[in-house]
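Here are some notes for a colleague who has the coordinates open.

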Amino acid sequence: MLAVAAQLPRPPSSVYPRRHSTSPFPHKTPTQIFVPPNLRKNSLLARNSNAPVIKETTTQSQPTWDQLLGCNNWDGLLEPLDLTLRKFIIRCGEFCQATYDSFINDQNSKYCGACRYSKQTLLEQVELIDASHYEVSAYVYASACVSVPEAFILRSMSREKWDEESNWIGFIAFTSDETTKARGRREIYIAWRGTARDYEWFNEMGSELESAQELLLEGTEDKNAKAMKGWLTIYTSNDPRSEFTKTSARKQIQSNIKRLLKKYEGEKISIISTGHSLGAVLATLSAFDIVENEIVPSDVSVSAILFASPHVGNKEFNDQITKHSNLRILSVKNTIDLVPSYPSWFLGYVNTGTQLVIDSRKSPYINHTMSPIDWHNLEGMLHVMAGWNGADAEFELKVKRSLALVNKYSDLLKDEYMVPESWWVVKNKGMAMTEDGQWVTESPSDEHLPVPPVHEV
């Protein structure tokens with residue numbers, strides 16, 4: 001591994017400024033996340049830094065929107081990787097990253113397991129570029145009272161916890177009216193949160209296959225189609241004791257997609273389900289579910305863009321997925337990442353969808369560690385996506401995207417770029433001083449308090 005890295009060309013001495021946008025639409029800049037002073041002064045984030053000029057040009061003809069969604073299984077777009085598709089994949093990854101950036105995982109907080117921000121401000125608060133192009137329409141919650149590891153479901157240690165029986169696991173967003181008019185289509189995104197901690201959840205989750213009959217259209221019977229029991233449990237479980245999970249994540253997705261389809265009836269609509277790690281599994285299940293159960297009509301394209309997805313089910317379950325002409329799945333994985341190989345094919349599991357395999361060792365900007373967590377890091381994957389030109393071609397950044405993002409939750413960047421590790425933190429780690437000088441865990445403002453979703457039984 002080290003020998004391969006040594007052969008790679010060295011990156012330029014300067015790197016990208018923090019924010020770039022290729023869109024004609026303006027974006028807003030929120031201020032609630034604390035950025036350490038040494039990072040604010042670093043040239044990586046300075047708008048007037050001497051960054052290299054990256055010309056986002058291509059000799060390929062620009063693909064249609066339907067081609068980006070995989071109408072021909074991305075034939076001719078992956079090798080070499082099309083620039084427009086590259087940007088689309090990165091945008092999906094940024095929606096996934098937003099779930100990590102806004103999730104409260106501090107178990108000292110009584111709001112552990114909730115989203116830090118309201119639907120109205122989420123994308124702005126996580127500093128998503130072109131956040132004004134999208135509106136968040138719904139939050140999705142999963143029952144916390146299921147047998148899944150704390151790597152995914154977190155519980156507050158406070159006696160005054162916001163909700164004992166649920167966790168926030170994602171959101172649904174769609175393009176604004178202005179953006180829809182400019183693009184000639186309404187894009188609906190379902191973004192799923194992945195695991196919040198390390199690899200220990202693998203051993204806790206198990207790998208038992210269970211019948212996926214519950215997900216199949218009424219009247220369809222396939223006893224051989226199976227998915228991993230743990231995945232199905234998270235997606236289909238509810239808990240009537242909680243205002244947030246009176247219905248399962250599955251039912252929340254179905255009802256919200258129905259509502260949006262009715263609201264924007266007559267428009268050209270596309271649905272993209274996306275997630276990283278365990279979130280990628282939920283993205284697969286939800287994309288299949290809304291197509292299989294005719295929540296969406298056959299003329300609406302549904303695509304799942306996955307990052308570092310574990311295996312979901314067996315061949316027979318995969319056959320159920322592939323029978324739908326309006327459902328396409330693109331699975332991006334780092335070749336050295338262990339997660340996409342779990343559970344093993346020895347147990348009957350298979351890959352799902354078209355595979356786009358990248359290799360983080362090709363990037364000359366990052367340290368090539370022996371840590372499996374680093375191989376699985378989402379921001380690291382998005383960095384590689386920005387410069388991936390195939391296994392046999394030189395790594396060359398094609399998308400203007402800040403290098404500093406790589407270190408958002410890691411220490412992957414080489415020291416010469418002077419970016420602190422794991423720099424995305426809430427100011428004072430969520431502590432605030434009261435009027436009498438005491439430091440306490442800060443509660444969200446009324447604007448950002450968790451609000452139960454509307455359940456349709």
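## Notes on the predicted model

1. In this predicted model, Trp423 and Trp424 are both buried. The centres of their rings lie 6.0 Å apart with the planes at 65°, and since edge-to-face pairs are those with planes over 60 degrees apart, the pair formed by Trp423 and Trp424 is therefore edge-to-face.

2. In total, the structure contains 16 aromatic pairs. Another of these joins Tyr365 and Tyr417, whose ring centres are 6.0 Å apart and whose planes meet at 35°, so that this pair is classed as tilted. Because Tyr365 belongs to the loop between strand 10 (354–358) and helix 12 (372–376), while Tyr417 belongs to the loop between helix 13 (378–387) and strand 11 (425–426), the pair ties together parts that are 52 residues apart in sequence. Tyr365 is buried, at a relative accessible area of 8%, and Tyr417 is likewise buried, at 4%.

3. A single aromatic cluster is made up of Phe95, Tyr134, Phe171 and Tyr189. Phe95 also takes part in a contact with a charge, in that the charged end of Arg91 sits over its ring at 5.8 Å from the centre. A further arrangement of this kind involves Arg193, which lies over the face of Phe103 at 3.7 Å from the ring centre.

4. Helix 9 (residues 249–263) comprises 15 residues and spans 21 Å from its first C-alpha to its last, which is close to the 21 Å expected at 1.5 Å a residue. Its buried residues are Ala249, Arg250, Gln252, Ile253, Gln254, Ser255, Asn256, Ile257, Leu260 and Leu261. The elements covering these buried residues include strand 2 (134–143), strand 3 (166–175), strand 4 (186–192) and strand 7 (269–276), together with helix 8 (229–236) and helix 10.

5. Which residues of helix 11 (residues 315–322) are buried? They are Phe317, Asn318, Gln320 and Ile321, and when the helix is seen down its axis they fall within an arc of 155°, so they line one face of helix 11. On the face of helix 11 turned away from the buried side are the exposed residues Lys315 and Thr322.

6. The cover over the buried residues of helix 11 includes strand 6 (226–228), helix 10 (278–292) and strand 9 (327–334). Helix 10 is also among the elements that cover the buried residues of helix 9.

Key:
Residues numbered from 1 in each chain as written. Predicted model: local features only at pLDDT ≥ 70, side-chain atom pairs only at ≥ 80, totals over all residues. Heavy atoms only, no water. Buried < 20%, exposed > 50% of the residue type's maximum accessible area, 1.4 Å probe, protein only. Helix = DSSP H or I, 4+ residues; strand = E, 2+ residues; numbered from the N terminus. Arc of directions from axis to C-beta. Contact = heavy atoms within 4.5 Å. Phe/Tyr/Trp six-rings, centres within 6.5 Å; stacked < 30°, edge-to-face > 60°. Lys NZ or Arg CZ within 6 Å of the ring centre and 35° of its normal. Expected span 1.5 Å × (residues − 1).
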